[in-house]
Amino acid sequence: MASADALIKIEQRGLSSAKPAHLRKLLNRESLPDATAVSYSRNWIKQQPKAVGGKQWECLAEALYFEARGESVKGQFAVAEVILNRVDSPRYPNSVCGVVHQGTGKKYGCQFTYTCDGNPESIHEPKAFTEVGKVAKLMISGAPRALTDGATHYHTGRVKPKWARKFPLTAEIGTHLFYRQPTRLSQN
């Protein structure tokens, strides 16, 4: 019974930290895109209208450009899922920009390497940015997160971070491996 009480407290903490707009979106299922309406193909994404948006969209599109532009469309959606899963978690900042720029300023101490690798964030491939911008818009608008099983972390197969040994692997898409941060219910 104690573990159920602990789980309820975790859920209550998570709900109390959620933004009202996010809760309304969850309750109003008609506003969310249908899972069958999303197709993870370049042809489908090309048919979507050009995307524009506010600061949160810009942060997500930029992160997708630098982290996943060379991935398949499915891989781009998967990376977006991780960022949005972090936004929804009480363990991380509660905005896309907050998540993307967490730790920025510390050389290689950030969450997304491109924000602290010392290189300028310059968009040199406008077509790739247009594509990831569409993915970002769809995800911010509530596209389903059905690819990574709630992942909050990912890395490429070229690196082996220490945390990857402790986190459950949830998906492998393209060159990325996806993981969900374990939930700690209690500590004795």
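Which residues in α5 meet which residues in α7?

Mentor: First, the ground rules. This is a predicted model, where local features need pLDDT of at least 70, side-chain atom pairs count only at pLDDT 80 or more, and totals for chains, interfaces and linings use all residues. Residues are numbered from 1 along each chain as its sequence is written, and side-chain values use heavy atoms, with hydrogens and water left out.

Now the contact itself. From α5 come Val 73, Gln 76, Phe 77, Ala 80, Glu 81 and Leu 84. They meet Glu 131, Val 132, Val 135, Leu 138, Met 139 and Ile 140 of α7. Contact means heavy atoms within 4.5 Å. By class, this contact has nine nonpolar, one polar and two charged residues. Here Ala, Val, Leu, Ile, Met, Phe, Trp, Tyr, Cys and Pro count as nonpolar, Asp, Glu, Lys and Arg as charged, and the others, Gly among them, as polar.

Next, the geometry. Two packed helices are described by the angle between their axes and the distance between the axes. Helix α5 covers residues 73-88. It packs on α7 at an angle of about 45°, with the axes 10 Å apart. Axes are lines fitted to C-alpha atoms, for helices over the stretch in contact, and angles run from 0 to 180 degrees between N-to-C directions. The two helices are therefore oblique to each other. Angles under 35 degrees count as roughly parallel, over 145 as roughly antiparallel, 65 to 115 as roughly perpendicular and the rest as oblique. The crossing of α5 and α7 is right-handed.

Look at Gln 76, which is found in α5. Its relative accessibility is 0%, so Gln 76 counts as buried. Buried means under 20% relative accessible area, exposed over 50%, and partly exposed in between, with a 1.4 Å probe and protein chains only. Leaving out residues up to four places away in sequence, Gln 76 touches Arg 42, Leu 64, Ala 68, Arg 69, Glu 71, Glu 131, Val 132 and Val 135. Gln 76 and Tyr 65 are 11 residues apart in sequence and 8.7 Å apart in space, C-alpha to C-alpha.

Helix α7 (residues 126-140) also meets α4 (residues 55-68). Their axes come within 8 Å and cross at roughly 130°. That makes α4 oblique to α7. The crossing of α4 and α7 is right-handed. Among the α4 residues in this contact are Trp 57, Leu 60, Leu 64 and Tyr 65. The α7 side includes Phe 129, Val 132, Val 135 and Met 139. The residues of this contact divide into 12 nonpolar, two polar and two charged.

Past α7, Asp 149 lies in the loop between α7 and β1 (153-156). Thr 156 is found in β1. Thr 156 is buried, with a relative accessible area of 17%.

Finally, the whole protein. It has seven helices and three strands. Helices (H or I, at least four residues) and strands (E, at least two) are DSSP runs, numbered from the N terminus. Of the 188 residues, 40% count as buried.

Definitions and conventions. Left-handed = near helix turned anticlockwise from the far one by under 90°.
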